[in-house]
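Let's take a short walk through this model, one selection at a time. Please open your viewer and have the selection tool ready.

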Amino acid sequence: MSEVKKIATRESYGNALAELGAEFENLVVLDADLAAATKTGVFKKAFPDRHIDCGIAECNMIGIAAGLAATGKIPFASSFAMFAAGRAFEQVRNSVAYPKLNVKIGATHAGISVGEDGATHQCNEDIALMRTIPGMVVLNPSDDVEAKAAVRAAIEHEGPVYLRFGRLAVPVINDKPDYKFELGKGVVLREGKDVTIIATGLPVSECMAAADKLSADGIDAKVINIHTIKPLDEELVLAAAKETGKVVTVEEHSVIGGLGSAVCDVLSEKCPTKVMKIGINDTFGESGPAVELVKKYGLDADSIYAKVKDFAK
């Protein structure tokens, strides 16, 4: 059996920008002295006249992106999630979202899998922050194929978009001829009748592996990939909850304010359902190898399997 191909979605982000640069001549990329890490250096090499390094000044970068958008450009402002969503929150809210400008925010190095950089750089709060901003679309792709599709979708969408990418290489699971990315629509990866697992980003592939283990125990798990957290595919979430009666959400993000909260908002109002949220449990991360951190914080296939098995009883 051949080894599963793994690619970090930050790599996908840089490659997608470079590929789309020729197609969209008004595409401009901004960076905050992190082009090598965010992988926007790929775009810079191909289109040096359309890449702007703003230095270590993320708030100013967002303001520049807003100005460019006001002139008809499609700017992608790039930095680590901690800085793009955290440090520059006020500028994203007031300079981009309030005037409804066509700015795209490419946030890399999100979540616990940033690894050795530690708690100060492991942003597990960005989805919650971006969800609260009126009119902001929030995308969190699960692999290389989906990340590239998300970048194109962001360009084609008129208005502010927050895109979340990771540092750790993850399995490519969407390399299928019939794969289709549609903004605001979830993807059913596996049918099931006993419990629904709704995942986003890095843990999606882990949830598929966990579902295989659950199947061996006689538990039929439905697995849904939610690449668009806002607007959420409410129709799919409600249908799955009615079908299985139990829902588990899995995310490389705080259990407060992220995918789990978005799902619970919908279900509590329209279809009260028993829900278990798997994610970062109201704590900061720590420095360590990414794979070991994913396991320690319960986001690997074995941990997800054990929790869902107990929940589905």
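Begin by selecting Y13, F76 and F165, which ring pairs link into a cluster. Rings of Phe, Tyr and Trp (its six-membered ring) pair if their centres lie within 6.5 Å; planes under 30 degrees apart count as stacked, over 60 as edge-to-face and the rest as tilted. This is a predicted model: local features need pLDDT of at least 70, side-chain atom pairs count only at pLDDT 80 or more, and totals for chains, interfaces and linings use all residues. Residues are numbered from 1 along each chain as its sequence is written, and side-chain values use heavy atoms, without hydrogens and water.

A search of the whole structure finds four aromatic pairs. Zoom in on Y13 and F165, a stacked pair at 4.6 Å centre to centre with 25° between the planes. Y13 is in helix α1 (residues 9–21) and F165 in the loop between β7 (161–164) and β8 (170–171), 152 residues apart. Helices (H or I, at least four residues) and strands (E, at least two) are DSSP runs, numbered from the N terminus.

Next, select F80 and F83, another stacked pair: 5.9 Å centre to centre, 10° between the planes. F80 is buried at 7%, and F83 is buried at 12%.

Terms used
Buried means under 20% relative accessible area, exposed over 50%, partly exposed in between (1.4 Å probe, protein chains only).
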